[in-house]
Amino acid sequence: MVLKRIHIFVTGRVQGVFFRQSTKVVAIKNNVNGWVRNLDDGRVEIVGEGEESNINSFIDWCKTGPANSRVDEFELSEENITNEFKIFEVRY
């Protein structure tokens, strides 16, 4: 089992369209732990940890988001896994 940690910034119509809540639902379905939050500049920031195959499915979803959203830019970086998360949460 290969574990992976990702850090994502999503730009576009991603606030006010249930992006954060939908991200949480998809993360839980994919056994990804971490968090999602809105940023003051209009982007959404996501940090997630999990098994590589689950993370890859989660990334694929994040590239398009929920039905009412529009992803214009998608920045993805990998980080060292920390195992600090036990759940996936929406941060405010």
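**Contacts, fold and charges**

A: In the protein chain, 77% of the contacts with a separation of 6 or more are between residues 24 or more positions apart. Contact means heavy atoms within 4.5 Å.

Q: What should I know about the model itself?
A: This is a predicted model: local features need pLDDT of at least 70, side-chain atom pairs count only at pLDDT 80 or more, and totals for chains, interfaces and linings use all residues. Residues are numbered from 1 along each chain as its sequence is written, and side-chain values use heavy atoms, with hydrogens and water left out.

Q: OK. How many helices and strands are there in the protein chain?
A: The protein chain has 2 helices and 5 strands. From the N terminus on, the order is β-α-β-β-α-β-β. Both kinds are DSSP runs numbered from the N terminus: helices are H or I with at least four residues, strands are E with at least two.

Q: And what is the radius of gyration of the protein chain?
A: It is 12 Å, close to the 12 Å that the globule rule gives for 92 residues, so the chain is as compact as a globular protein of that length. The radius is taken over C-alpha atoms, and the rule is 2.2 Å times the number of residues to the power 0.38. Those C-alpha atoms fill a box of roughly 35 × 25 × 20 Å along the principal axes.

Q: How much of the protein chain is buried?
A: Buried residues are 41% of the 92. Buried means under 20% relative accessible area, exposed over 50%, and partly exposed in between, with a 1.4 Å probe and protein chains only.

Q: Switching to charges. How many salt bridges does a search of the whole structure find?
A: The search finds 9. The cut-off is a side-chain nitrogen of Lys or Arg within 4 Å of a carboxyl oxygen of Asp or Glu.

Q: Which residue forms a salt bridge with Lys 4?
A: Glu 78, with the closest N and O atoms 3.5 Å apart. This pair links distant parts of the chain: Glu 78 is in strand S4 (residues 70–79) and Lys 4 in strand S1, 74 residues apart.

Q: Is Glu 78 buried or exposed? And what about Lys 4?
A: Glu 78 counts as exposed because its relative accessibility is 57%. Lys 4 is at 12%, so it counts as buried.

Q: What does Arg 43 pair with?
A: Arg 43 forms a salt bridge with Asp 41, at 2.8 Å between the closest N and O atoms. Its side chain also meets Glu 75 in a salt bridge, 3.8 Å from N to O. Arg 43 sits in the loop between strand S2 (33–38) and strand S3 (44–51), while Glu 75 is in strand S4, 32 residues apart.

Q: Which residues are linked in a network of salt bridges?
A: Arg 5, Glu 49, Glu 79 and Glu 84.

Q: Now Glu 45. Where does Glu 45 lie, and why does it count as buried?
A: Glu 45 lies in strand S3. It counts as buried because its relative accessible area is 5%.

Q: Which side chains make polar contacts with Glu 45?
A: The side chain of His 7 does, at 2.6 Å. So does the side chain of Arg 37, at 2.6 Å. A polar contact is a pair of N or O atoms within 3.5 Å; within protein, one must be able to donate a hydrogen and the other to accept it, and residues adjacent in sequence count only if both atoms are side-chain atoms.
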